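Please consult the sequence and structure shown here while reading.

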Amino acid sequence: GSYTRRAERTVDTVCPFCGVGCALTLHVRNGRIDRVDGAPGPANDGRLCVKGRFGMDYVHHPQRLTQPLIRRADAPKDPAILMHGPGGRADHAALLAQFRPATWEEALDVAAAGLARVRDAARAAGLRGRAVPVAGFGSAKGSNEEAYLFQKLMRSAFATHNVDHCTRLCHASSVAALMESIGSGAVSNPVRDCAHADVIVVIGANPVQNHPVAATWIKNAVRRGARLVLADPRRTELARYAWRYLGFTPGSDVALLNALLHVIVTEGLVNEPFVAVRVHPDDLRALREYLRPWSPEAMAPLCGIDPATLREVARAYAGGPASMIFWGMGVAQHSHGTDNVRALIALALLTGQIGRPGTGLHPLRGQNNVQGASDAGLIPMVLPDYRRVGVAAHRAAAEAAWGLAPGTLPDEPGLTVVEILDAAYEGRIRAMLIQGENPAMSDPDAAHARAALARLEHLVVADIFLTETAALADVVLPAAAWPEKTGTVTNTDRLVQLGRPAVAPPGQARADAWILEQLAQRFGLGWDYGIDPHGGAPEPDSGIGRVFDEMRSLMPALAGLSWARMLREGAVTHPVPAPDDPGHPIVFTDRFPTPDGRARLVPARPGAPAEPPDADYPYVLITGRQLEHWHTGAMTRRSAVLDALEPVPHVSVHPALLARLGLQAGQPVRLRTRRGQVTVATRVDEAVPDGVVFWPFAYAEAAANLLTIAALDPVAKIAEVKYCAVAVEALAPD
Ligand code: SF4
């Protein structure tokens, strides 16, 4: 950065919120981030949404953790503490009072000793692999280097793949289906490629709220003449730009998409030359056969869209000439999420709408670094760069790079997020390390998740605030926030960008990578990157640089992207196989990364929602995000402007349902499911269908996930937080 006349410094970095990955300029005065401007990055070209522009003051919030904490002997873990306090929001002072301050030395020793104690007892009992009762949740909000170190620490110190992160709760089903079909979980084309699309399909995503700058590129494309198809049970704002809006019945995704596929295979819309060279030879015949009964006429009663519209949309998509699909959590977060994505992939493959500008498949990634954390191996099934743990050569390469004895790494995948918390509840997982994730808020059936966390013998949490999860920990380690450290993140477009520190961590807060190195040393792993505890600077000779270069040595996708190049260029799209390779915003242009280069067509089987409405619980609860708040609210609810814009939780209710309940907008209702009940104010919203209510999960005082169901997709183990049965009741007058 450079000093200006007003003693203001500027630092160019990346937004810490969503997966769009907007470049921004932080203006720093007197050690504080004073103002934020959009910078001309590849993803945003200077544009920012309200979170990027006004949400950065969470960094300076007085509740930042500034010293290590150890649970007091007289403070038993009790999830009920999260439900008390003014307005139902936990009382921060009461949460803090459970702990005593400690030195870093003591806190790290206690943190490591507790994990080692559980590990050693398990080893003595002969437990191996996923049966090791230790697990870790890393973070999609940290850097690539932190994600890499986190999975390396868990795998090296505990010889288990019980390591996962919130990708399990967002795009696990997308990644599972994409890997199975085209051999890669990554997006094929960047968001801004919609500038070259003639038809844009957005399904189960609300980018105006959740990927706001991405939505502006889609709106620009519509203004230029692209035809937008929006498929979503909620008539969200993008519907105003849509050529066709498909307000389909919640949970009927497979019926809707198979009807489109049926039209394509029966009306001669298959791109035969493309399929002949790019798809496995047997698959088209089998899929054609499978799709025979799925006509628009047969599916219309199930999905609620008339046959003529289904035919029109299928023809438009197939005809393009260039057609692009975006999808989000509305597709992925279902107990049949993998099948939903299989159908989307088949649409692109049958019509050849992939591998060219303005085409392709784009699962919109949620968090700023969920792509990068997944690339780095923060997943129980794969090592860095999606190398499966079951392949001996992949394990051997990691063992050699990490200085582990041959055979250390187990050959079976570890447990996933929801499985880990279930195991914790049942006592099969007894110790955990959690860095920058908040499962007490983000996981389905939160009362169960909280009870599971409280039952752990030993829980170590590293975070910037005393989150609902940290409040149940034995040891809390104060971490540095994103604008306080150097590191790289990878956005939804596979764009790897450099984050630079603007301010110093408060008090004794330390960079997560340093915390991981310190823990590794206590496990005798011999790490000596020399990571700067204070976040470091973007310099060639640095601990983070050494981590980056080690990471890319295990990742063919980053082989040509050295730390020195990263510092020089600041933003490069992977794969970057060679040093002189410019990077590849569009992939799968002539082959897919499968053994024979061809893709597979996999039939999408229908799956009913795990918990349909019934007489006792007659409505459907959909949970999700909103523009002003980020996920569990740990950051944005501590941002003055964002919290002022949306200070209290509201459930969105159709006016007809509100009228039946005899309520005015704003009056409270009781939402009750088989898992729990919460009282929350209503907001009238014609975008939700009558019979469906929508509720953001950012609010600790009325946590939406207390009500959601932990039913899992059998393939991807993602939870169905987009659908459960709920009762909506007016409160009896006092
Ligand atoms: Fe940040 Fe996403 Fe908003 Fe861009 S669109 S400013 S990355 S939250």
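## Domains and their contact

In this predicted model, the C-alpha centres of domain 1 and domain 2 are 25 Å apart. The assignment divides the chain into the domains tabulated below.

| Domain | Residues |
|---|---|
| Domain 1 | 9-60 |
| Domain 2 | 69-163 + 395-573 |
| Domain 3 | 172-363 |
| Domain 4 | 619-730 |

Between domain 1 and domain 2, contact involves 19 residues of domain 1 and 16 residues of domain 2. On the side of domain 1 that touches domain 2, two or more residues come from each of strand S1 (9-14), strand S2 (23-29) and strand S3 (32-38). The greatest contribution to that side is made by S1, with four residues. Sorted by class, the side of domain 1 that touches domain 2 comprises twelve nonpolar, five polar and two charged residues.

## The ligand shell

The ligand is surrounded by 14 residues, of which Cys-15, Cys-18, Cys-22, Cys-49 and Gly-52 are the closest. Nine residues of this shell are nonpolar, four are polar and one is charged. Domain 1 (9-60) and domain 3 (172-363) each provide at least three residues of the shell. At the level of secondary structure, at least two shell residues come from helix H1 (50-54), and at least two from helix H7 (212-224).

## Packing of helices H8 and H12

Helix H8 (residues 253-266) and helix H12 (residues 307-319) have axes that come within 9 Å and cross at roughly 65°. The crossing of these two helices is right-handed. H8 takes part in the contact through Ala-259, Leu-260, Val-263 and Ile-264, while H12 contributes Leu-310, Arg-311, Val-313, Ala-314 and Ala-318. In the contact of H8 with H12, eight residues are nonpolar, none is polar and one is charged.

## An open antiparallel sheet

Three strands, in the order S18-S19-S20, make up an open sheet with antiparallel pairing. Why does one side of strand S18 and of strand S20 lack a neighbour in the sheet? Strand S18 (487-490) and strand S20 (571-573) are at the edges and have a single partner strand each, so one side of each remains without a neighbour in the sheet. On average, neighbouring strands of this sheet are turned by 25° against each other, direction ignored. Strand S19 (residues 495-499) pairs with S20 in the antiparallel sense over three bridges. Leu-495 has Thr-573 as its bridge partner in S20.

Key:
Residues are numbered from 1 along each chain as its sequence is written. This is a predicted model: local features need pLDDT of at least 70, side-chain atom pairs count only at pLDDT 80 or more; totals for chains, interfaces and linings use all residues. A residue is near a molecule or strand if its C-beta atom, placed from the backbone, lies within 6 Å of it. Ala, Val, Leu, Ile, Met, Phe, Trp, Tyr, Cys and Pro count as nonpolar, Asp, Glu, Lys and Arg as charged, and the others, Gly among them, as polar. Domain bounds come from an automatic or database domain assignment. Two strands pair if DSSP finds at least two bridges between them. Axes are lines fitted to C-alpha atoms, for helices over the stretch in contact, and angles run from 0 to 180 degrees between N-to-C directions. Two residues are in contact if their C-beta atoms, placed from the backbone, lie within 7 Å. A crossing is left-handed if the near helix is turned anticlockwise from the far one by less than a right angle, and right-handed if clockwise.
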